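Try each task before you read its solution.

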Amino acid sequence: MRAFAVLLDRLAFTPSRNAKLVLLADHLRSTLDPDRGWALAALTGALSFSAAKPAIIRSAAEARIDPQLFALSYDYVGDLAETVALAWPVRPGANREPDLSQVVDALLTASKHEVPKLLEGWLDAMDADGRWALLKLMTGALRVGVSARLAKQALADFGGVPVEQIEEVWHSQHPPYVDLFAWLEGRSERPSPNAPARFRPVMLAQAIDEATDFARYDAQDYAAEWKWDGVRVQAVNEGGRRALYSRTGDDIGKAFPDVLESLGFEGVIDGELLVMHGHTIGGFGDLQQRLNRKTPDAALMGKHPAGIRAYDLLMDGDEDLREQPFSARRGRLEKLVARAANPRLDLSPLVAFPDWEALAGIRADPPAGDPQLSEGLMLKRLDSPYVAGRPKGLWFKWKRDPHLVDAVLMYAQRGHGKRSGFYSDYTFGVWREDSNGDRVLVPVGKAYFGFTDEELKQLDKYVRDHTIDRFGPVRSIRADMQSGLVLEIAFEGLQRSTRHKSGVAMRFPRVNRIRWDKPSREADELATLEALLSALARPARGLSGNS
Amino acid sequence: MKLKPQALLCPRPAGLYCPPGDFYIDPTRPVDRAVITHGHADHARAGHGVVAATPETLAIMAVRYGEDFAGRVEPLRYGETIERGGVDVTLVPAGHILGSAQAVLRWKGMTIVVSGDYKRRADPTCAPFEPIACDVFVTEATFGLPVFRHPPDSDEIAKLIKSLEQFPQRTHIVGAYALGKAQRIIRLLRQAGHDQVIYTHGAMARLDELYTGFGVDLGPLAPATVEKKAAFEGAVVIAPPSALEGTWVRRFADPVPCFASGWMRVKARARQRHVELPLIISDHADWDELTNTISEVRPEELWVTHGAEEALLRWSALNDIPAKALAIVGYEDEDDD
Ligand SMILES: [Zn+2]
Ligand SMILES: [Zn+2]
């Protein structure tokens, strides 16, 4: 348990992805089976213990700690598990500290009334870090920033194999992943990926380089499609089992029973998960509401019905098509979608174009209907096999130009890692009228990239020279009608948000340009963003574009 | 009738005052006669008339404020006693930093111990705390909450050394208070076998020299100046905590910000300071050290000078020890700087 506790504590304070990978791979190397596998499962949220409840933790603490001292402690720390972990008065003569696997085994099998006794014994046997890890493990609230994706990358680093190979076998493996480690340590063959309805690693596109790629590649060799603003998914129906995976192989089927129900075919489809009203799609904000809910109710599904817009076929029945060219797969996909005849499953249309220049025109001015909600275009080489990873020259994404807004810098936060000592995370706002009719700034987003190292230095200096208040690592910057720094912010999309005071949330905001020349009072109004929001949320209905 | 302890020691605006001896202990403003427990700035101020303190504390004050920091100094070694208006004053080790002392006042059969700041665990840079049985024990309560239980120093130093192995390209900058904590961290690293050059911030060079002069072996040190950029890779740099927040850290590529303080026990505190490697190392007694010390010296009465007194008063009530908070203004907490 100690090694796991140390890892958890370290991860909790490590912001950088690379540093997290170092810590994880190190842990996998220095810890034995089955503890390391259970650690991985715990970190990625693959474990849950139904008999362990926060109330048990609270009553254990109340039985051992003076209520007034406990209240003072909880008040200071602000987190129940952490308070108990720190303030727990150890009874002398405790048992040996348990291994993680002992704790997991016991919790998986214990009944509700056995847990308190187990808990008390463990709390006595561990130090504060161990107790914290235990309590967070029990309540399933580790939250140390390790996604399944990151865990798979750590496994790949640990075993020296491409991450796609991990993804391919991941779904046939279960905690504590003993076979997986045996393979990665060269002690056995690669485990069979042939679990029913398993995930296949996906093929990704490169960003196109407009300056060089169009001269290099022939338009005749490529097909074009709209790049939909949803979630890339892999929909599987094999041997009577259905599954819906994210592009990194996370099973998201539970959140989309309406989509699972629509998979009336045998095979594996690659496509975009979207909110679909008939064959007209909703905006990303609608989809976000579905993504936020782990198990949706009928009302939400009725309001935002989800479906799949298919663009590739990996398996047709039990026939693997991945070696075949895109054009052949596309033909098979069209037939399959037609056969399925399901309103929740449609086909992403191909966009016809004679040459790159014409395609550029279509991209700049998409036809009415769904394409106006797209993020741009995808280019796929007609003879490309379906290759896992991001192969060169086969698939390209050609995004639309971003939206731009002029906003005023309001707060700045210190960065870490290579940006230590610099204020590098910027919160910016736009103008609106308050109830007194005064113009005030309301924060609309946060950006921490898009600028050069030289610009970072200039921004940092501006922050230091114009600080009016400080809260921990955050500085409040002078920003009013007379003084303030305007940042031209580029962003990909906009959604309504109840969590932001402004009521809007941007997707992928970044600093496009620093407008040293522009007076703060001339920055944009919230009304501008609201107008854009309305335009994005209500696409012209009833027209189906060029599909 | 029994003598009231207030006759021997009482709080005044300038600090704790001893009427029969006519002197203050750690006064927060200039006075004629002062007894100083240790060299931290909130306890040891410049501008007093006569200052009695350990030779180490006097040396620290001279480094910080210049040789003329007081009208006259009276060096008082540990265990030595001087008499002031019938009051016997003895300094005994407090285990807080080099030269730190508890002031023991004896008068008409009554003993009051003013602990200053103290801790109980071993510290290779100073003499260990000596418990003195007393009628009134005057304690600090910086970490007077049951959540503050500092782990063994060796565990924390092992964390740092492991991180140096895991991230050999990154500079580990340890924020540590310039007097006491910095030298203790260096010494602990040496004890753990770290024999490379340790780089230190300019603000602590003279204090490092002073410690070395008093026989604390700090091993090879060098100033963390910009010209040495390449040398910082994989090295330990010690700096005052405030330097971690300034532009000073830019000279290091992809540093790991570490902070050595008892406050690092609480995750929100560490997060608030953008610390990547919190090291829970403090020169102040933790909850167990405070309560064990009070149990050990078994005072008739407990006075709490500064810190989180509420929980300590509750503990005293549960343990039938009459206690009160003096709430002395002006003592800060160097662990948080
Ligand atoms: Zn002190
Ligand atoms: Zn102090």
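A residue counts as buried here if its relative accessible area is under 20%. Keep in mind that this is a predicted model.

**Exercise 1. Work out what share of the 337 residues of chain B counts as buried, and how the chain is built.**

Step 1. Apply the cut-off: 62% of the 337 residues of chain B come out as buried.

Step 2. Go through the secondary structure, and you get 7 helices and 19 strands in chain B.

Step 3. Now for overall size. Chain B has a radius of gyration of 20 Å, close to the 20 Å that the globule rule gives for 337 residues, so it is as compact as a globular protein of that length. Its C-alpha atoms fill a box of roughly 70 × 45 × 30 Å along the principal axes.

Step 4. Look at contacts between residues at least 6 apart in sequence: in chain B, 60% of these join residues at least 24 apart.

Step 5. Finish with the surface, which for chain B is about 12,200 Å² of accessible area, with 51% belonging to carbon and sulfur atoms.

**Exercise 2. Find the protein donors of the zinc ion (ligand 1) and classify the site.**

Step 1. List the donors: His38(B) through NE2, His40(B) through ND1, His96(B) through NE2 and Asp117(B) through OD, at 2.2 to 2.3 Å from the zinc ion (ligand 1).

Step 2. Check the geometry. Four donors count as tetrahedral if all angles lie between 85 and 135 degrees. Around the zinc ion (ligand 1), the angles among the 4 donor atoms run from 88 to 167°, and the site is irregular.

Step 3. Read the spacing of these donors along the chain: H-x1-H-x55-H-x20-D. His40(B) sits in the loop between strand 4 (33–35) and strand 5 (48–53) of chain B, while Asp117(B) sits in the loop between strand 10 (110–114) and strand 11 (136–141), so this pair ties together parts that are 77 residues apart in sequence.

Step 4. Check burial: His40(B) is buried at 1% relative accessibility, and Asp117(B) is buried at 1% as well.

**Exercise 3. Which residue bridges the zinc ion (ligand 2) and the zinc ion (ligand 1)?**

Step 1. Start from the zinc ion (ligand 2), which is coordinated by His43(B) (NE2) and Asp117(B) (OD) at 2.1 to 2.2 Å.

Step 2. Compare with the donors from Exercise 3, where Asp117(B) is also listed. Asp117(B) is the bridge, and the two zinc ions lie 3.6 Å apart.

**Exercise 4. Classify the ring pair of Phe148(B) and Trp263(B).**

Step 1. Begin with the total, which is 26 aromatic pairs over all chains.

Step 2. The rings of Phe148(B) and Trp263(B) have centres 5.2 Å apart and planes at 90°, so the pair is edge-to-face.

Step 3. Locate the partners. Phe148(B) lies in the loop between strand 11 and helix 2 (153–166) of chain B, and Trp263(B) lies in the loop between strand 16 (256–260) and helix 5 (267–272), 115 residues apart.

Step 4. Phe148(B) is buried at 1% relative accessible area, and Trp263(B) is buried at 9%.

Notes. Residues are numbered from 1 along each chain as its sequence is written. Chains are lettered from A and ligands numbered from 1 in the order in which they are written. This is a predicted model: local features need pLDDT of at least 70, side-chain atom pairs count only at pLDDT 80 or more; totals for chains, interfaces and linings use all residues. Side-chain values use heavy atoms; hydrogens and water are left out. Donors are N, O and S atoms within 2.8 Å of the metal (3.2 Å for Na, K and Ca); water is not among the atoms, so sites may look incomplete. Four donors count as tetrahedral if all angles lie between 85 and 135 degrees; four count as square planar and six as octahedral if opposite donors are over 155 degrees apart and all others between 65 and 115; anything else is irregular. Helices (H or I, at least four residues) and strands (E, at least two) are DSSP runs, numbered from the N terminus. Buried means under 20% relative accessible area, exposed over 50%, partly exposed in between (1.4 Å probe, protein chains only). The radius of gyration is taken over C-alpha atoms; the globule rule is 2.2 Å times the number of residues to the power 0.38. Contact means heavy atoms within 4.5 Å. Accessible areas come from the Shrake-Rupley method with a 1.4 Å probe; for residues, only the protein chains shown count as cover. Rings of Phe, Tyr and Trp (its six-membered ring) pair if their centres lie within 6.5 Å; planes under 30 degrees apart count as stacked, over 60 as edge-to-face and the rest as tilted.
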